[in-house]
There are 2 protein chains.
Amino acid sequence: MDTPRRRGRPGHDLDAVLAAAVRLFNTRGYDATSMFDVAEALGITKSTLYHHVSGKEQLLSMAVDRAVDGLFEAAAHVQDLQGPATVRLQKLVESSVLVLAERLEFVTLLLRVRGNTQVEQHALARRREFDTLATELVKQAQAEGGIRADVDPATAARLLFGMVNSLVEWYRPERGHPEALAATVVRLAFDGLRTIAVTGDQATQEEH
Amino acid sequence: MDTPRRRGRPGHDLDAVLAAAVRLFNTRGYDATSMFDVAEALGITKSTLYHHVSGKEQLLSMAVDRAVDGLFEAAAHVQDLQGPATVRLQKLVESSVLVLAERLEFVTLLLRVRGNTQVEQHALARRREFDTLATELVKQAQAEGGIRADVDPATAARLLFGMVNSLVEWYRPERGHPEALAATVVRLAFDGLRTIAVTGDQATQEEH
DNA sequence: GTCTATATTTTGATAGAC
DNA sequence: GTCTATCAAAATATAGAC
């Protein structure tokens, strides 16, 4: 959205540093990635890397913030909507998939955070906040009779977004449109795997 | 199943060492856990720990094997069954949940492996094998008309088991029966979240 | 089986020149 | 912005006594 303003000619800007770091964190693991590894990937030395960032944790912090911010922007947008909670829940799932696809590497990193440092604990706290929000929406949808009431709302929310989050394990942006994937996830989650009475517009086979 | 035969009186046996290591690997992360940490948790020194195991990687190797073996035992059991593929797929989901619950810490560790060492690559290869097997079952179930054919079988299998695997993020054995949870997962995955025509036996609200 | 060293490497991070 | 040099701490692992 915001145009990253060009910096002074040479070297790397923060975004490039962050991108390289996050890629390494995801492939090797955060702890297994050294600042030397990050510097090497950028073609600079460790000292130069420390000129750009204050430390390893700052890289993690910036990365998870991008993921969390995206998720909450989507949630805020959905909460502004009118209409049945069931539809809003569908929209939340849909936009979560889109955010995950758009910020794949950041969300991937976020989902692997375990809470051992303050940065990680903060990220976990915001994830729980999102969870609560989703659970509330499930409750409302159950109350209005849109989704089944024979499952605990917290359990339903966790399984639903567990399915969504599992996308980071295999989704690759180069194959298939995120919109189609989002639609598939919503369909599977809400209508289930089982064969249903075909109403007419479900004849398209999709690949991702 | 197999009675762990008692060792010579004193000290720790391999199972105790493995259990302590896996617990730490899951809470702090594999790379962030040092051999000193494992030794300390057992109340012994690093040297003594090295008397029990050949190194850190062996601990990881043994742990992921326990998870993978459990999953494949379940898969083999399901493949021996007769009847429609749709039912076998349901059984595979169900028993996967049960294995996950029974070997929670080992499966948790398995699902976090990224493939940076040979041990991890081997674990990933076996996971892919399981994936292929699940995808095949989805295909068969689609062919016999049991589950919807408007979704790519690989995508369906990944989303289905993505939902199952997400249980490691929140399931805790002390709360609720694994059997009830497995039933909930199957119901949600196959019949979906949406309210359906109530046929009579779906009045029970479950908690996990 | 358990310990006290100790070797060796790698880590995150800083100082200071250009 | 980038480098060389360096530090202090922590890591995996081994040697060898009891």
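Modeller: Helices are DSSP runs of H or I with at least four residues, strands are runs of E with at least two, and both are numbered from the N terminus. The model is predicted: local features need pLDDT of at least 70, side-chain atom pairs count only at pLDDT 80 or more, and totals for chains, interfaces and linings use all residues. Residues are numbered from 1 along each chain as its sequence is written, while chains are lettered from A and ligands numbered from 1 in the order in which they are written.

A residue is buried if 20 or more other C-beta atoms, placed from the backbone, lie within 10 Å of its own, exposed if 12 or fewer do, and partly exposed in between. B:L167 is buried because it has 25 C-beta neighbours inside 10 Å. Two residues are in contact if their C-beta atoms, placed from the backbone, lie within 7 Å. Residues up to four places away in sequence aside, B:L167 touches B:V97 and B:L100. From B:L167 to B:V185 there are 18 residues in sequence and 9.7 Å in space, C-alpha to C-alpha.

A nonpolar core is a set of buried Ala, Val, Leu, Ile, Met, Phe, Trp, Tyr and Cys residues joined through C-beta atoms within 7 Å. The largest such core has 109 residues, of which A:L160, A:V185, B:L160 and B:V185 touch the most other members. In soluble globular proteins, nonpolar side chains tend to be buried together. When neighbours within four places in sequence are left aside, A:L160 is in contact with A:V93, A:A189 and B:L193.

In total, 42 residues of chain B are in contact with 43 residues of chain A. On the side of chain B that touches chain A, α8 (153-165) and α9 (178-191) each supply at least two residues. α8(B) gives the most to this side, namely eight residues. For the next count, Ala, Val, Leu, Ile, Met, Phe, Trp, Tyr, Cys and Pro are nonpolar, Asp, Glu, Lys and Arg are charged, and the others, Gly among them, are polar. This side of chain B comprises 15 nonpolar, 15 polar and 12 charged residues.

Within chain A, an automatic or database domain assignment supplies the domain bounds, giving domain 1 (14-52) and domain 2 (61-190). Their centres, taken over C-alpha atoms, are 28 Å apart. Five residues from domain 1 of chain A and six from domain 2 of chain A form the contact.
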